[in-house]
Amino acid sequence: MPLPKAELHLHVEGTLEPELAFELAARNGVTLPYADTEELRAAYRFKDLQSFLNLYYELMTVLRTEQDFADLADAYLARAAAQGVRHAEIFFDPQAHIARGLSLGTVVEGLWRALGGSERNHGVSTRLIMCFLRDESADSALETLQAATPYLDRITGIGLDSAEVGHPPAKFREVYRAAAELGLRRVAHAGEEGPPAYITEALDLLGVERVDHGLRCLEDPALVERLVRERIPLTLCPLSNVRLRAVETLADHPLPAMLDAGLLCTVNSDDPAYFGGYVGDNFRAVRETLGLGEDRLRELARNSFLASFLEDDEERRARCLAEVDAYVFADAVS
Ligand code: HPA
Ligand SMILES: [Zn+2]
């Protein structure tokens with residue numbers, strides 16, 4: 001049995017496995033510029049965030065109908081459940097789909113077909129977090145929030161993703177303020193490729209409650225001290241960091257030092273179909289390569305539930321934390 005955990009940094013479009021991409025392409029009459037899944041996988045040689053994003057946006061063109069989004073999310077939930085995920089807070093990128101002519105309703109209703117039955121079918125509770133593309137305009141983000149009005153009962157929070165450098169959090173001050181007024185929870189990617197100042201901006205100007213990645217906080221000791229003091233969770237994604245060259249090798253990943261510094265770290269998969277593994281694979285990798293002991297792994301699992309937006313279901317959070325506390329580690333499981 002794998003260690004029970006919550007996944008808090010997961011782009012649903014990043015769970016599109018090559019096999020499903022080809023299946024959906026055939027179903028929807030979309031031609032992919034790759035002969036087969038092998039040729040497609042061979043294209044997964046990223047040199048930075050942008051080279052990954054180019055492929056990520058290209059492949060998601062196979063997603064056309066509500067059922068496509070339902071199949072995508074359901075495949076993720078099944079895989080996540082098998083790796084011990086008991087709760088998942090799932091990002092999606094509405095603007096990337098609206099730009100292709102889809103309606104926000106197709107995306108949200110499609111995802112909901114899978115998420116609505118997830119606790120029953122997979123034992124995984126879910127929340128949906130709508131991300132704005134930071135390389136699009138602030139007006140486009142505001143329009144997207146407006147378009148989401150009919151679906152706010154299904155959306156727990158907002159996030160900020162895509163190309164980071166040159167698109168500081170300050171650009172999205174207004175839409176975050178509007179989202180807060182609507183009672184939405186707030187997170188943002190910051191400090192993945194961008195400087196530590198973006199993390200500070202996300203906290204001060206956007207009011208984020210959790211920082212996605214946040215890796216580069218280590219360059220600013222005063223910021224680290226603040227993150228520790230304010231108990232701001234960081235959603236780290238070790239295998240993603242290796243693939244997108246935020247760290248040179250997994251052995252160089254600062255996760256152990258971040259835990260030693262008292263940061264509230266969590267481990268997540270980001271875009272598992274692209275980065276070589278789901279969240280359990282990330283746990284296994286940090287266990288094996290970084291030598292994290294049982295206490296640290298249990299701490300990471302506890303942190304994932306503590307950092308989750310389960311305030312509306314404290315009973316479930318307490319149950320999941322109790323499962324973590326009672327977990328007995330065995331070899332080769334994560
Ligand atoms: O890892 C990521 N970083 C930024 N934007 C993204 N959109 C999908 N995945 C990512
Ligand atoms: Zn991400």
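This is a predicted model: local features need pLDDT of at least 70, side-chain atom pairs count only at pLDDT 80 or more; totals for chains, interfaces and linings use all residues.
The chain contains 17 helices and eight strands. Its radius of gyration is 19 Å, close to the 20 Å that the globule rule gives for 334 residues, so the chain is as compact as a globular protein of that length. The C-alpha trace spans about 50 × 45 × 40 Å along its principal axes. Of the 334 residues, 49% count as buried.

The eight strands form an open sheet. Their order is β1-β2-β3-β4-β5-β6-β7-β8, and the pairing is parallel. Strands β1 (5-11) and β8 (264-267) stand at the edges. Each has a single partner strand, so one side of each is left without a neighbour in the sheet. On average, neighbouring strands are turned by 25° against each other, direction ignored. In general, strands of a sheet pair through backbone hydrogen bonds, either parallel or antiparallel. Strand β5 (residues 185-190) runs parallel to strand β6 (residues 210-213), and four bridges join them. Within this pair, Ala188 of β5 stands opposite Val211 in β6.

The largest nonpolar core has 95 residues. Val12, Ala73, Phe92, Leu111 and Ala202 touch the most other members. The contacts of Val12 illustrate this core. Residues up to four places away in sequence are not counted here. Val12 then touches Leu72, Ala73, Tyr76, Ile90, Phe91, Phe92 and Leu111. Three of these partners, Ala73, Phe92 and Leu111, are also named with Val12 among the residues that touch the most other core members.

Helix packing is seen towards the end of the numbering. The axes of helix α16 (residues 294-306) and helix α17 (residues 314-326) come within 9 Å. They cross at roughly 175°. Angles over 145 degrees count as roughly antiparallel, and α16 and α17 are therefore roughly antiparallel to each other. Helix α16 contributes Arg298, Ala301, Arg302 and Phe305 to the contact. Helix α17 contributes Arg317, Cys320, Leu321 and Val324.

Pro18 lies in helix α1 (residues 18-28). A residue counts as buried if 20 or more other C-beta atoms lie within 10 Å of its own. Pro18 has 20 such atoms within 10 Å, so Pro18 is buried. Leaving aside neighbours within four places in sequence, Pro18 is in contact with Thr37, Leu40 and Arg41. Gln83 is 65 residues from Pro18 along the chain, and their C-alpha atoms are separated by 20 Å.

Methods:
Residues are numbered from 1 along each chain as its sequence is written. Chains are lettered from A and ligands numbered from 1 in the order in which they are written. Two strands pair if DSSP finds at least two bridges between them. Helices (H or I, at least four residues) and strands (E, at least two) are DSSP runs, numbered from the N terminus. Axes are lines fitted to C-alpha atoms, for helices over the stretch in contact, and angles run from 0 to 180 degrees between N-to-C directions. The radius of gyration is taken over C-alpha atoms; the globule rule is 2.2 Å times the number of residues to the power 0.38. A residue is buried if 20 or more other C-beta atoms lie within 10 Å of its own, exposed if 12 or fewer, and partly exposed in between; C-beta atoms are placed from the backbone. A nonpolar core is a set of buried Ala, Val, Leu, Ile, Met, Phe, Trp, Tyr and Cys residues joined through C-beta atoms within 7 Å. Two residues are in contact if their C-beta atoms, placed from the backbone, lie within 7 Å. Angles under 35 degrees count as roughly parallel, over 145 as roughly antiparallel, 65 to 115 as roughly perpendicular and the rest as oblique.
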